[in-house]
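Hi,

Here is the structure I promised to pass on. Have a look at it first, and my notes come after.

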Amino acid sequence: MSCKEIICIVCPMGCHLQVAENPNMEEVYEVAGNKCPRGKVYGINEMVNPTRVLTTTIKIENAPLKRLPVKTNGVVPKDKIFQCMEVINKVKVASPVNMGDVIVSNILNTGVDIVASRSMR
Amino acid sequence: MYDVAVIGGGPAGLAAAIEARRNGIQNILVIERDRELGGILQQCIHNGFGLHIFKEELTGPEYAERFVNELNELGIEYKLDSMVLEITKDKKVHYVNSKDGFVSIQAKSIILAMGCRERTRGAIGVAGTRPAGVFTAGTAQRYLNMEGYMVGKKIVILGSGDIGLIMARRLTLEGAEVKIVLERMPYPGGLTRNIVQCLNDYNIPLKVSHTISSIKGKDRVEGVTIVQLDESGRIIPGSEQFMECDTLILSVGLIPENELSEKLEMRLDKVTKGPYVNEAMETSVSGIFACGNVVHVHDIVDYVTEESRIAGRNAAKYAKGELKTEGRLVETVPGNGISYIVPHTIRVNNIENKVDLLMRVRQVFHDVRMIIKADGEKIREIKKSHLLPGEMERVSLDIKALTCKNIAKLEVEICEGEE
Ligand SMILES: Cc1cc2nc3c(=O)[nH]c(=O)nc-3n(C[C@H](O)[C@H](O)[C@H](O)COP(=O)(O)OP(=O)(O)OC[C@H]3O[C@@H](n4cnc5c(N)ncnc54)[C@H](O)[C@@H]3O)c2cc1C
Ligand code: SF4
């Protein structure tokens with residue numbers, strides 16, 4: 001049985017969670033140290049499939065700025081972040097762009113889109 | 001003649017102008033020196049804005065755009081590329097831009113919303129040469145996120161405030177190697193969630209009680225000397241360690257932009273470095289209000305918006321001659337463990353139903369009680385499991401707490417241990 005210390009980032013409390021693997025039980029992971037139920041969900045997720053929102057920028061032409069800020073419109077697996085960056089870094093757009101416009105749809109088959117996080121014209 | 005003039009078009013200025021309009025003011029002018037509205041938010045492309053106001057995690061530009069759209073829908077007038085040079089006590093605003101030249105306008109009331117600026121190396125005193133490759137975190141953020149200019153490849157970050165942490169992750173994503181983040185205090189400056197998401201996720205080491213004693217390099221940074229500090233902040237002899245890098249990023253704090261406030265001979269708070277304000281967010285100069293980072297540096301933009309709405313509402317009242325100046329005055333006093341409280345004074349007659357006290361603690365506290373006293377008598381006690389100087393605390397007080405007796409002083413203090 002292994003135990004891992006994880007800091008919950010769901011809210012600013014920043015609880016120190018102890019997540020233990022427990023193969024004999026019905027629930028595979030046991031979480032301690034969480035002050036609320038969201039911490040349990042987060043702790044298990046961090047063990048099974050940690051995910052993050054990715055924010056970055058892409059090249060934009062014909063615009064007052066050289067870069068357009070973009071984000072994933074949902075969470076992507078943490079270990080795919082750098083692969084996502086590779087895809088995003090190849091993309092170039094031209095103004096005008098509206099906030100929420102889809103720049104890359106279903107990136108790396110994650111079911112998540114890369115969208116513009118501001119308008120630019 | 002304007003009823004309300006707003007200096008600065010960041011989240012503070014936008015929220016204040018919108019709120020003034022909602023309170024019946026037609027003649028409003030927002031003056032912004034940048035080429036667009038939104039302020040610092042336009043370069044903060046990460047998410048984490050708007051959790052309180054919109055119950056969503058927005059990026060900085062998204063948060064800004066919602067307010068810019070609202071400003072436009074309400075038809076509020078604004079000037080871009082216009083720098084305010086001076087404000088006078090009789091409420092004249094002097095600004096310049098390349099189209100109209102030097103312009104003077106008269107307003108009935110003014111709202112200061114100029115935000116803050118970053119401390120630079122001069123303000124912290126690192127020895128050594130002055131080669132290229134030293135940036136403040138905010139400048140590096142603007143270069144990277146707006147101009148598309150990568151500041152370097154091998155990076156050392158001095159200071160663990162949120163901007164430094166956010167930049168550590170951002171630079172790593174863009175292919176740089178962030179070698180280390182150093183913090184001179186014994187605890188990190190930024191939010192815990194940023195330490196986890198920005199440093200731990202990318203295996204970037206953070207060393208507390210460490211700083212830089214000198215920078216090496218003639219034309220470009222070649223490296224820095226890292227030293228360890230003891231409890232009283234002195235360099236531990238023999239702890240020097242050289243680290244190679246081509247870029248040094250300074251994230252060593254923000255201070256309110258107070259050039260205009262100083263010229264007005266406004267009363268300033270020594271701790272926040274911003275103006276003294278009352279419950280209406282009015283400064284010591286009657287009819288001149290202030291909100292956002294120009295008053296005290298905020299870590300959460302939602303609080304900036306809420307504070308700025310108070311300023312906007314009261315500037316509107318002032319312009320209409322409805323703001324009360326007479327009546328009982330309550331002073332707020334930062335007691336044990338608290339470094340400052342905003343507002344500094346409260347005119348009880350202007351409070352509608354509650355007043356929010358915003359404050360910061362001086363050091364890290366665990367499992368303590370925050371005690372609010374009215375003229376020395378305890379009126380409220382709040383248990384706190386975590387208090388960090390990097391996280392602003394807010395306490396709402398019901399108007400009844402202030403009106404039930406003839407209170408003159410409200411004090412907040414931190415008590416360690418059990419009762
Ligand atoms: C790098 C960084 C990261 C942050 N991250 C987060 C986060 O993750 N989550 C969160 O909730 N909050 C975050 N914050 C906090 C929040 O964004 C700020 O507190 C907020 O933007 C402050 O708003 P403001 O309007 O007071 O100042 P600003 O946004 O700085 O706006 C001030 C405006 O005034 C203008 N101005 C200044 N002087 C003049 C003059 N003389 N004439 C005309 N115009 C002038 C400036 O150009 C600027 O546009 C962050 C802050 C920074 C600096
Ligand atoms: S466990 Fe709950 S209270 Fe603790 S940090 Fe996570 S969300 Fe916040």
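This is a predicted model: local features need pLDDT of at least 70, side-chain atom pairs count only at pLDDT 80 or more; totals for chains, interfaces and linings use all residues.

Residues are numbered from 1 along each chain as its sequence is written, chains are lettered from A and ligands numbered from 1 in the order written, and side-chain values use heavy atoms, without hydrogens and water.

Ligand 1 first. It is surrounded by 31 residues (a heavy atom within 4 Å counts), and the closest are Glu32(B), Ile40(B), Asn293(B), Asp299(B) and Val301(B). By class, that shell has 16 nonpolar, 12 polar and three charged residues (Ala, Val, Leu, Ile, Met, Phe, Trp, Tyr, Cys and Pro are nonpolar, Asp, Glu, Lys and Arg charged, the others, Gly among them, polar).

Glu32(B) also has a side-chain N or O atom 2.6 Å from an oxygen of ligand 1. For Pro11(B), a backbone N or O atom sits 3.3 Å from a ligand oxygen. The protein covers 93% of the 1000 Å² of accessible area that ligand 1 has on its own (Shrake-Rupley, 1.4 Å probe).

Now the helices (DSSP H or I runs of at least four residues). α2 (81-89) of chain A and α5 (162-173) of chain B have axes that come within 10 Å and cross at roughly 65° (lines fitted to C-alpha atoms over the stretch in contact, angles from 0 to 180 degrees between N-to-C directions). Ile81(A), Phe82(A) and Met85(A) meet Arg170(B), Thr172(B) and Leu173(B) there (heavy atoms within 4.5 Å).

Cheers

Technical notes: Helices (H or I, at least four residues) and strands (E, at least two) are DSSP runs, numbered from the N terminus. A polar contact is a pair of N or O atoms within 3.5 Å; within protein, one must be able to donate a hydrogen and the other to accept it, and residues adjacent in sequence count only if both atoms are side-chain atoms.
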